[in-house]
Amino acid sequence: MTDILIQGGTVVDGTGASSYAADVRVKGGVIAEIAAGLAPVEGERLVDASGCIVSPGFIEPHTHMDAVMWWQPSLDPLPGYGVSTVVIGNCGFTAAPVHPDPQVRMEMVNIFSFFEEVPQKPFLEMLPWDWSTWSEYRASMEAKCKTSTNVAGYAGHIAIRLAVMGMDAWERVATPDEIRKMCALLEDAIDGGALGMSSNLMDHDSKDRPVPSLVADDAEWSALIGVLASRPGSQLQVILDTFFKLRAPEQMERLGNLCRDRGVRVQMAGAGGLLRFQDSIREKMWAITAKQKAEGFDFWPSFAHVPPTTALNFFSSSSFAQANEYVWHEVVQAQTEEEKLALLRDPDFRARARDSWDNKAFKQSLVANPHMMLLMDSETGAGPLDLNLKELAEQTGKHPSDALADWVIANGVQSIISRVPHPMAQEETIEMLKDKQTVANISDAGAHGQMLCGGGENILLLTQFVKNGELTLEEAIYVQTGKQAEHFNFGDRGVLKPGYRADIAVFDLDEIQQRPLMRAFDVPDGKGGFTWRFSRDAAPMRLTLVNGVSTFENGAFTGELPGEFVSPVITRVEAAAA
């Protein structure tokens, strides 16, 4: 490991404090000194940071790299965007613990494949699956899965339920004995270095079944929260239903009742309600958040600072099913192109699809808003292109479902529908970014590879919010470095400080920007070849260091994989009462 002296830069240390001119010395993977005019020493590599910002490496707090990192250890494009740590295991979706029955293990793979659009074949074939508990999973990752960034992760409530209850996890509440076994698995995870437990109060699967965590009763929730309470420094991460049935307010109240007087930190994904279609519940959520904050709850709303910019395809997308449009989802589930085209031509399918489109699809979903469906990417080039589905339906005099079916038949089932992003409540977004008890930069990086690329969205905090005067540079860096490290209880990173790990980003504000989506053909297809995912070119950083090792420099990923598994600082106390 080479010692480094970063000279002549402007230090933004990740605490929110004002920037200042200084040099930063890295020795043995640790920040050794920060001061102006540091003299080089023999053997030290010099990095000229003149005109550049020197900040902590950025933390991605909500990714689904759980499977992807096994076959794409670069975690592209994250090194080119200054990312030094990723958090995996969100939303209750984790690869551990696992049940000994292969059929039950397959349920977790199916869940990842459907909800996060993670390709199934490499997930099954490239992970060693040599674990049953979460602590064994971590040991396997550390031994066999080297990555460009540090990794921290939750144990998922859904995985815990499946590991204990098998297929019954989908159907019923747990018995007291099963709850005790779940608690033991969570204890193993936290004692083995997990951040805590993640859960899911939103999703339904491709068969419209509520995910297992939605089946859990208050007795189960309370016992698992008791495990978290017995290990201060751990936390609960949960995704609320702010998109489908809009039940987030009642879920926030339920979590408040379950956590009252227990001192448990809870990160609630979506609690801000920042998308405009959430207007009907936003005021309620903000009122509940204010009340819980006044009562001293350690609750942190988490949110994205940009709206989802997903694409929709006809071979791996969950968009139709999650719009409650399960008839069109049949096209996605059809195995071959011929079967997909046969469905699209079938009069019975078309009649059922029109009825479902009109009467069952969620009103805020893409399906119910054809003006937001952009026809821009054709496999055959037949067109028409550069218009939305509403315009196409009006021009042809057809129902939007029929117009889409005819367009896909003409343009090919490999065509992609782009989505107009939902408008956001910008003033509330800025307020959330400035709040000291929120988690920003939720991106879903690593998931939905043929729908979006969350990696790189962090840079908009610098290029959009800072340049528009909505955040100071210090604020924009704080929300994705020191504030994240504080939330996750990382004791030795997230801030530029002597003795802390040398996770560092060096960049010129005038050079960086979020780059457009592009297709990268590097995802194993399970047949000896590769399929594609969305990625983007680097911002770029001048330099990204992870544990003192350069992962991005001279405009490219260096090939180094210095990431380590990162755990929170946990204090053990006597077990809390369930």
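I started with S15 and S16, which pair antiparallel over two bridges (pairing needs at least two DSSP bridges between two strands; strands are DSSP E runs of at least two residues, numbered from the N terminus). Across that pair, Leu-374 sits opposite Asn-388 in S16.

Housekeeping: I'm on a predicted model, where local features need pLDDT of at least 70, side-chain atom pairs count only at pLDDT 80 or more, and totals for chains, interfaces and linings use all residues. Residues are numbered from 1 along each chain as its sequence is written, and side-chain values use heavy atoms, with hydrogens and water left out.

Next I looked up the sheet around them. It is open, with four antiparallel strands in the order S14-S17-S15-S16. S14 (311–312) and S16 (387–388) are the edge strands, each pairing on one side only.

Then I checked S21 (residues 543–546). Is it covered on one face or both? Both: Leu-543 and Leu-545 on one side, Thr-544 and Val-546 on the other, are all buried (under 20% relative accessible area, 1.4 Å probe, protein chains only). S21 pairs antiparallel with S18 (residues 504–507) over three bridges, and Ala-505 stands opposite Thr-544. Four bridges join S21 to the antiparallel S22 (residues 549–553), with Val-546 opposite Val-549. Two residues lie between the strands of the S21–S22 hairpin, where Asn-547 takes a positive phi near 55°.

Key
Buried < 20%, exposed > 50% of the residue type's maximum accessible area, 1.4 Å probe, protein only.
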